[in-house]
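Keep the 3D view open as you read.

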Amino acid sequence: MEPNRSVAESKRLHQRALDTLPGGVSHNVRYEDPHPIYIERAEGPHVWDADGNKYVDFWMNHLVSVLGHSYPDVVEAVQKQAEQGLHYGAMNKKALRLAERVQDFVPSAERVRFCASGTEATMYAVRLARAHTGNDVILKPTGGWHGGSTDLSAYVNPPLEQPESAGLPSGSVDDLYGFPMNDTDAVQALLEKHDVAGVILEPVLLTGAGGSLDTSFLQFLKDESEERGFELIFDEVVTGFRVSPGSYQARIDIVPDITTLGKVLGGGLPVGALCGRAELFENTRPDTDISPDERVLAGGGTFTANPMTATAGLKTLEVLDNEPVYQHTEQKASRLRDELNAIYEELGIDAVTKGLSSLFLSHFQPESSLNDIRSIKEETNKEALHEFHTRLADRGYYFLPGHTGSISYQTTDEHIDGFIAAAEDVVATMQSKGAL
Ligand SMILES: Cc1ncc(COP(=O)(O)O)c(C=O)c1O
């Protein structure tokens, strides 16, 4: 849908980008029809686009900026660090302190390894699981997103029979199986049939702002992992430090073997980390005599544990630990979800806003209860969601169209009031035009 505000400069920049970047983007999720909006500046709860439009931002940097943009304490710390060097490519105290904070907060974190993205963290996590068990097969929820690594981008079983990308070696396709969330029978059958190295999943469906999983299902996976000896991997790239300092595992008191982290941990700068039982990381050590066929490469890379990211991460964790960030964001998001759902009910619109903690997403014309990643992705009216977000952008509320929204520590009740009024107006318009 064409925006109804002036976005001529974004359009011009996109036309220019088409000659250089395939499709005009470097990350496909940032593409939007008819063209992406170019953002020039971000501060607090706001972003400004290349045409000077100002928005209350709910995308918040891929759900990273839980404190809001350019949180003053974080900016000040990062500026000071920049004067002392951007990166040394060597061990440094700040990165060590960040690893220690992860260890303090996250129950499964006996040992920590940094990398530069969530994608790398999940890739290394499944490698650790394979190396430790000697098995190849990895199970993941059908439709679950864990980054774009070769190991995690394919399915072999219905309902999604296609790999997510061409160019994957057949081995990676053969060794990855999907299961429906909360379906213990399906998982049990896969565990009976294969020698499984690990099960990786987000312990709560926040990426699609869906419902939370049954804790009993997660406990079943934990029990099975102990009985059968596979590694249980919680992908907390989104939930890590967003739902509590101990992440989601602390909330439900289930400790996985391996946890992957990213996003919030880097305080706005690139980060990934994997952590877990100390024993699992023994063969990653460079200081012991491990035979080459047992050594595991997990973590690392040029920009790993750089002091800029570590500084932003440390300051962010400090604020999360000392200020009522979770209380603030959860109370506002809960109000927003409730008020949106009340509007849908009042207008007789078939839609539901889901989410947990500070995240939310409206699903239009859902065909099921959406407690499953595949159904969240496939069984809703995506065109309506896209139109909803585009029309909201015309009224000054920014989402990456089709994607989850997030409340930050700098989002106020006034922002929510304005957003609710705009959303009511938008859905009423869409209803009157027959789009809902
Ligand atoms: C659950 C989950 N795991 C892993 C990733 C990959 O992280 P990154 O984009 O930092 O590579 C994402 C990214 O959105 C994610 O949502």
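**Between the domains**

Between domain 1 and domain 2 the count is one salt bridge, meaning a side-chain nitrogen of Lys or Arg within 4 Å of a carboxyl oxygen of Asp or Glu. The side chains of Glu 330 and Arg 251 form a salt bridge, at 3.0 Å from N to O.

A word on the ground rules: this is a predicted model, where local features need pLDDT of at least 70 and side-chain atom pairs count only at pLDDT 80 or more, while totals for chains, interfaces and linings use all residues. Residues are numbered from 1 along each chain as its sequence is written, and side-chain values use heavy atoms, with hydrogens and water left out.

Domain 1 covers 8-70 + 324-432 and domain 2 covers 72-322, with bounds from an automatic or database domain assignment. At their interface, 31 residues of domain 1 are in contact (heavy atoms within 4.5 Å) with 37 residues of domain 2.

**Around the ligand**

Now turn to the ligand, which 12 residues surround (a heavy atom within 4 Å of it). Gly 118, Thr 119, Asp 235, Val 238 and Lys 263 are the closest. By class, this shell has three nonpolar, six polar and three charged residues; Ala, Val, Leu, Ile, Met, Phe, Trp, Tyr, Cys and Pro count as nonpolar, Asp, Glu, Lys and Arg as charged, and the others, Gly among them, as polar.

Zoom in on the atoms: a polar side-chain atom of Thr 119 sits 2.5 Å from a ligand oxygen atom, and one of Asp 235 lies 2.6 Å from a ligand nitrogen atom.

Note on methods. A polar contact is a pair of N or O atoms within 3.5 Å; within protein, one must be able to donate a hydrogen and the other to accept it, and residues adjacent in sequence count only if both atoms are side-chain atoms.
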